Amino acid sequence: MEAKLKNEETEMEQEAPVGREHTDERQVSIPEVLSLLPLNESALFPGVVMPLLVAKENSIRLVDDAVVSDTRIIGVVTKKDPAVETPDIDDMYHIGTAAVIHTMLRLPDGQRLIVQGLARFRIKDVVQTEPYFKVSIEELPDVIDYGPEQAIEMEALRRNVADAFRTVVSLSSNLPDELERISETVTQPDLLANNVALHLPIPVSEKQGLLETLGVRERLIKLFTILIRESQVLELGSKIQSQVHQELGKTQRDYYLREQLKAIQRELGEGDERTIEIEELRGRIKESGMSPEAEKEAQRELDRLSRMPPAAPEYTVARTYIDWLVSLPWNKSTKDNLDIAQVRHVLDEDHYGLEKVKERILEYLSVRKFKTEGTMRHPILCFVGPPGVGKTSLGKSIARAIGRNFVRMSLGGIRDEAEIRGHRRTYIGALPGQIVQSIRRADSNNPVFMLDEIDKVGADFRGDPSSALLEVLDPEQNSTFRDHYLESPFDLSRVMFITTANMLDTVLPPLRDRMEVLELPGYTEHEKLEIAKRHLIPKQLAEHGLEMDKHISWTDEAITDIIRGYTREAGVRNLEREIAAVSRKVTREFAEGRTEAVQVTIDQVRNYLAAPRYLFEELKDRTSESGVAVGLAWTPSGGDVLFVEATRMPGGKTLTLTGQLGDVMKESAQAALSYVRSHAKDLRIDPEFFAKSDVHLHVPAGAIPKDGPSAGVTMATSLASLLSGRRVTGQVAMTGEITLRGKVLPVGGIKEKVLAARRAGVKTVILPLENKKDVIEEIPKDIQEEMEFVYVDNIDQVLARALEPDGAMSDEVTGNR
């Protein structure tokens, strides 16, 4: 270091003015006022030589003045923010290094200096600001923070710092190897710390922190910590770089070997695996029988695939697309079973009743059998009915009967149009829609395709699946159905689509118009009895490990008791649950040691299932007072009976309606009241009753929303019964819309309502005259014979049949009125 310093001083002497003398930096005293030279992204340490380039005008002037001064000493500080062009005193760190200028060389772009740090200082006051800063300083000498007894520790610390610095230099590509000699030539701890800190590629703030650390031992410890961190970072970077080089080398090696393999296979007349794969796909495309447009698209994609490296991101996308195209059953179909008698046998074997649906299927097959030439339009059927009547299982039975594959897709809760049409291939992970996926699973282009719960399709910001179904369920359009993923037309015209719904109100009108609606209104008591004997009981016995007659036998009376007393439904799901409950209890008895077979009678049913939930006496009890009438309502789960109750209290001209009624039902109540008021004299009611009374009309089961016009006659009957004091005849129920003139208009859901009345124990049903044809066509003959149907066209006929004659009321009831 001394030799180097002397050489630099010699060079300075050659450039300095004549007569100027230089002394060793250890003999120079630091002036109390120094010119301040700010540095951008570096820090100068005492005892360290550092080159500088000065370009700013005020800094050049500072250097010129310093060179001609007696001491050639300036103050070097670091700027806090290098982006500040004209720093203030607060923009610079207040601890810097006093430095002597050894060499100054003028260049076109500024001045090049070689300076050597002398000692640390702290800025006390600013003496001058223009053209450059001059400050008064306080010198900060090194603090010897260790004693003689710690000499060995300091030596170990110095060696660790030196070794760590050598490691950093060897790992860093930015540090020259010559810097390793610093750790060997510099043995003083303070000078070693300063030299290493100057050359380390660390942030300026950390270098400033080391400069401000006056204790030698503390400075070495800080520096050693930084060196360990930097060496770990460099080692990790070197490891990552090595791995990258290895991967690149392996890729290049694999490519070279692959090309050699191709050349060898060409010489031997053999093909590589990829070529074989491409040719196999080409053969599958030709054999698939796809449409010309789809084949053209597949060949185009296959050509792209053959020119694409397997590692390319698009390779998997293209291969998956081709796999989908060749795996679809373009020309693969099953042969229909046109034996009408056998089809009828299969349908009857699987389902009891449902004659309308069976007739429609047999008609379709008859046309298929008779028409042997040309194209035939397949029906789009929609089974509408309450839960549990066998809509979904009927679709499976149809497929089995006509010999087609069966596939089912549930539409409940679907809100994304892409579920129907698929995603475009631009999206990552794109797939065809459920229609194409289901056709692929069916493995034929003419399956029975059931779209379950079509009335529960939703819509949101992702599109409306119902609108996407318009093309699928249109025989005029579905022969060229385009899935967004396939981008080629697929023929759906040979598919037999069957949809199911509980109600049609929520189905899009254009979609409803494309389907042939077949209603499955529900089962009669006799039909439920036969279904239980033929299907439900054998199924539950098999599931519980029981055998008929050996373990259990059922009487018709017991099954009928379960139907009447424990279930009130249009379908048979609850009936199956009750039969399963009985089967479980019988299985437990045999598990506990019983050996004799169980005959299920009415008494056994009551023993296993406790008391009946529904009693026919409810109807008689609730109509024992005037003002209560029984109506019939249609619900998505079948029909049901509803009670309309009316009462009056002192007041005037107020009609109160409760029971969560809809607007249409409220208007029916208003119309009923208006009719009763206008015909008060004919009904033997005080014409002024409304002027001095409030009337309250309530429909129980208030938690259930109710609406519709069919309760009009029931409300009129309830009001007439209340105000006249005449009770409604027991076991009578009614339905029909009422007008202000007293006309009774037809309503819908007749079969559901009649079956609900039968389940509730009603003997007489009052219906609009125009609904007589519905009873004749839809109601089974046994029920028509068992129940009395009264057809009316005005409200007078209703009241005459529904209300008890004058004088039939007891004195007690009349008095309470």
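Predicted model: local features only at pLDDT ≥ 70, side-chain atom pairs only at ≥ 80, totals over all residues.
The protein chain comes to 29 helices and 24 strands. Its radius of gyration is 50 Å, whereas a compact globule of 817 residues would have one near 28 Å.

**The chain as a whole**

- Taken along the principal axes, the C-alpha atoms of the protein chain fill a box of roughly 150 × 95 × 65 Å.
- Of the 817 residues, 48% count as buried.
- Among contacts with a separation of 6 or more, 74% are between residues 24 or more positions apart.

**Helix α20 and its surroundings**

- Helix α20 covers residues 573-591, which makes 19 residues. From its first C-alpha to its last it reaches 27 Å, close to the 27 Å expected at 1.5 Å a residue.
- Its buried residues are Leu575, Glu576, Glu578, Ile579, Ala580, Ala581, Val582, Ser583, Val586 and Phe590.
- As a reminder for reading such a list, an α-helix has 3.6 residues a turn, so residues three or four places apart point the same way.
- The cover over the buried residues of α20 includes the helices α18 (525-543), α19 (556-565) and α21 (602-609). Strands β14 (552-554) and β15 (598-600) are also part of that cover.
- Just after α20 comes glycine 593, with a positive phi of about 120°.

- Helix α12 (residues 355-370) has 16 residues, and its end C-alpha atoms are 22 Å apart.
- The buried residues in α12 are Val357, Lys358, Arg360, Ile361, Leu362, Tyr364 and Leu365.
- Aspartate 348 sits in helix α11. Its relative accessible area is 28%, so it is partly exposed.
- Aspartate 348 and serine 397 are 49 residues apart along the chain, and their C-alpha atoms are separated by 9.4 Å.

**The cavity**

- Rolling a probe the size of a water molecule over the atoms shows where empty space is left.
- The count comes to one cavity of 30 Å³ or more. The largest cavity holds about 90 Å³ of space.
- Ten residues line the largest cavity, and those nearest its centre are Glu525, Ile563, Leu755, Arg758 and Arg759.
- Two or more lining residues come from each of α18, α19 and α25 (750-759). The most come from α25, which gives three residues.
- By class, this lining has five charged, four nonpolar and one polar residue.

**Backbone angles to look at**

- For context, most residues other than glycine have a negative phi, and most peptide bonds are trans.
- Glutamate 130 and proline 131 are joined by a cis peptide bond, with omega about 0°. Proline 131 lies in the loop between β5 (110-128) and β6 (134-140).
- Aspartate 443 has a positive phi of about 60° although it is not a glycine. Its place is the loop between α15 (434-442) and β9 (448-452).
- With a relative accessible area of 35%, aspartate 443 is partly exposed.
- Glutamate 487, another residue other than glycine, has a positive phi near 60°. This glutamate 487 belongs to the loop between β10 (481-482) and β11 (489-490).
- The relative accessible area of glutamate 487 is 36%, so it counts as partly exposed.

**A buried loop residue**

- Alanine 430 is in the loop between α14 (418-421) and α15.
- A residue under 20% relative accessible area counts as buried, and alanine 430 is therefore buried, at 11%.
- Beyond its neighbours within four places in sequence, alanine 430 is in contact with His423, Arg424, Arg425 and Tyr485.
- Valine 317 is 113 residues from alanine 430 in sequence, and the two are 8.8 Å apart in space, C-alpha to C-alpha.

Methods. Residues numbered from 1 in each chain as written. Heavy atoms only, no water. Helix = DSSP H or I, 4+ residues; strand = E, 2+ residues; numbered from the N terminus. Expected span 1.5 Å × (residues − 1). Buried < 20%, exposed > 50% of the residue type's maximum accessible area, 1.4 Å probe, protein only. Contact = heavy atoms within 4.5 Å. 1 Å grid on protein atoms, 1.4 Å probe; cavity = no way out; pocket = protein on both sides within 12 Å on 5 of 7 lines; lining within 4 Å. Points joined across faces, edges and corners; volume = space filled by probe spheres on them. Nonpolar A, V, L, I, M, F, W, Y, C, P; charged D, E, K, R; others polar. Rg over C-alpha atoms; globule rule 2.2 N^0.38 Å.
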